[in-house]
Amino acid sequence: MSGARANGTAMTDWAELRRTARATLIAAARHLGIGSLAGLGEAEPSDDDQDGGRQNLLLLVQLRWIAVAGQVVTIAVAQAGLGIALPLGAMAVVLAGLVLLNLVSLAWIARGGPVTEATLFVALLLDVAALTAQLSLSGGATNPFTSLFLLQLTLAAVLLSSRATIGLVALTTAALGVLMLAYRPLVLPQGEGETELFRLYLVGMLVSFVIDAALIAVFVTQVSRNLRRQDARLADLRQRAAEEDHIVRMGLLASGAAHELGTPLSSLSVILGDWRRMPELTASPDIAREIEEMQEAVGRCKAIVTGILLAAGAARGEAPHLTTVRGFVTELAGDWRRMRSCFCLQVRDEFGDDQEIVSDTALKQVLFNVLDNALDMSPTFVELVLLRDGDTLRLSVTDRGPGFAPEMLARLGQPYTSSKGRLGGGLGLFLVVNVVRKLGGTVEARNRSYGGAVVTISLPLASLTV
């Protein structure tokens with residue numbers, strides 16, 4: 001018990017370390033000019049992992065509806081058109097079982113139930129059992145529609161593991177063996193010769209082949225498409241996990257640097273304060289002015305370090321304060337103008353009726369980063385547009401710079417994709433995209449036809465409200 005408790009404590013400490021590193025990095029990244037990170041959490045797998053299985057089960061349901069319709073038509077043609085006597089009651093029971101199985105499967109999908117390999121195996125096994133029952137009532141192995149077993153085996157090879165596929169092959173082979181020994185012979189109309197019987201058998205084989213080929217082509221293509229989508233989602237999760245690990249390391253570095261810089265900056269501040277009180281230094285206006293500039297620079301450095309350290313305890317939802325959308329943007333624009341000593345920022349408000357939200361440090365620092373990038377490219381004009389689209393908040397930053405290179409637009413949000421040519425460049429938009437994604441939003445970038453670029457951040461208002 002003590003070992004398990006110690007292990008649990010270590011895991012808790014590591015989780016707390018990761019959380020602190022993420023929260024710390026957002027402030028450090030903004031001040032270093034490489035982006036922001038607050039609000040970025042664990043890349044958790046979502047219900048998307050189950051979507052592939054549910055889509056495949058839905059395909060089996062659709063295939064089963066086709067099988068029910070095809071069997072009804074075949075029974076009607078054989079009974080009424082060819083005069084072949086069939087046990088309609090028993091065959092109707094099998095059809096009712098297939099319909100019931102479909103209804104149960106659809107209810108399971110609608111409830112969001114998990115669809116595992118075992119679920120698909122059982123579904124295919126029941127389809128094999130239903131086909132075996134129908135064939136046993138209509139000639140057994142002499143029925144040309146025995147080739148329909150290949151459809152279930154083909155789907156099993158695509159959907160299931162090797163062991164499960166081998167198991168279904170064995171069971172299907174056993175079912176076919178049973179059909180060769182125990183079956184209800186077809187009762188043909190009086191006067192049918194062997195030639196006519198053989199002709200009917202060949203026609204049945206042709207129809208069976210066409211049905212098999214068409215269904216395999218259609219449904220295997222659909223299943224393959226579902227599997228490719230699932231593989232793409234898994235690849236995306238792996239990419240996010242790699243980005244998370246990279247971000248944690250950056251956060252730890254920023255946190256350590258902030259702690260290390262705190263002490264020497266405090267010492268410099270104390271020394272400069274003493275110098276300002278020394279008559280022999282303040283007697284010279286030039287020296288006094290330089291001391292004042294040095295003290296302002298140290299104060300600025302201390303503010304940066306303080307912001308980094310505060311961010312470690314300022315993850316989203318901690319110590320929030322209420323504001324409104326319009327008040328949040330007004331405060332943000334004022335802080336950015338003051339900190340950058342830049343008055344080129346223009347704010348265009350098209351939001352409409354104001355709405356109360358929680359002031360989000362992560363979103364503020366994300367916008368700081370986007371505005372900084374726009375200022376680098378367009379020192380004389382930056383515009384921030386605030387508008388509402390239903391329940392979505394849209395914040396667009398426009399500049400008059402050269403715009404994004406095509407390769408940058410194609411790799412938007414990937415780390416180290418930058419045209420600035422400096423060390424660490426390209427992390428800004430990477431961190432912006434990650435933060436906004438964790439808040440449930442999206443980031444889009446495009447070039448304007450008449451020059452400049454637009455970066456639009458779209459967020460559901462529900463993610464910012466209490």
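Modeller: Asp286 and Arg289 are three residues apart in helix H9, so about one helical turn separates them. Helices are DSSP runs of H or I with at least four residues, strands are runs of E with at least two, and both are numbered from the N terminus. The model is predicted: local features need pLDDT of at least 70 and side-chain atom pairs pLDDT 80 or more, while totals for chains, interfaces and linings use all residues. Residues are numbered from 1 along each chain as its sequence is written, and side-chain values use heavy atoms, without hydrogens or water.

Asp286 and Arg289 form a salt bridge, with 2.8 Å between their closest N and O atoms (a side-chain nitrogen of Lys or Arg within 4 Å of a carboxyl oxygen of Asp or Glu). Side chains of opposite charge can pair when their charged atoms come close. Asp286 is partly exposed at 44% relative accessibility, and Arg289 is also partly exposed at 44% (buried is under 20% relative accessible area, exposed over 50%, partly exposed in between, with a 1.4 Å probe and protein chains only).

Helix H9 covers residues 285–311 and also holds Glu293. Glu293 is partly exposed, its relative accessible area being 47%. Together with Glu290, Glu292 and Glu296, Glu293 makes up a negative surface patch. Patch members have over 30% relative accessible area and no salt bridge; like charges are joined within 9 Å, nonpolar side chains (Val, Leu, Ile, Met, Phe, Trp, Tyr) within 5 Å. Asp and Glu count as negative, Lys and Arg as positive, with His and the chain ends not counted; a charge is placed at NZ of Lys, CZ of Arg, CG of Asp or CD of Glu.

The structure holds 10 salt bridges. One of them joins Arg64 to Asp127, where the closest N and O atoms are 2.6 Å apart. Arg64 is in helix H2 and Asp127 in helix H4 (residues 117–136), so this pair ties together parts that are 63 residues apart in sequence. Arg64 is buried, at 2% relative accessibility, and Asp127 is buried as well, with a relative accessible area of 7%. Helix H2 spans residues 48–81. The Arg64 side chain also makes a polar contact of 2.7 Å with the side chain of Asn102 (N or O atoms within 3.5 Å; within protein, one able to donate a hydrogen and the other to accept it, with sequence neighbours counted only if both atoms are side-chain atoms).

Another salt bridge links Asp274 and Arg277, with 2.7 Å between the closest N and O atoms. Asp274 is partly exposed, at 36% relative accessibility, whereas Arg277 is exposed, with a relative accessible area of 63%. Salt bridges also connect Arg326, Asp349 and Asp354 in a network.

Leu106 is in helix H3 and is partly exposed, with a relative accessible area of 32%. Helix H3 runs over residues 88–110 and also contains Ala92. Ala92 is partly exposed at 41% relative accessibility. Its C-alpha is 8.8 Å from that of Val72, and Ala92 and Val72 are 20 residues apart in sequence.

How values were computed. Areas by Shrake-Rupley, 256 points an atom, 1.4 Å probe, with all protein chains shown as cover.
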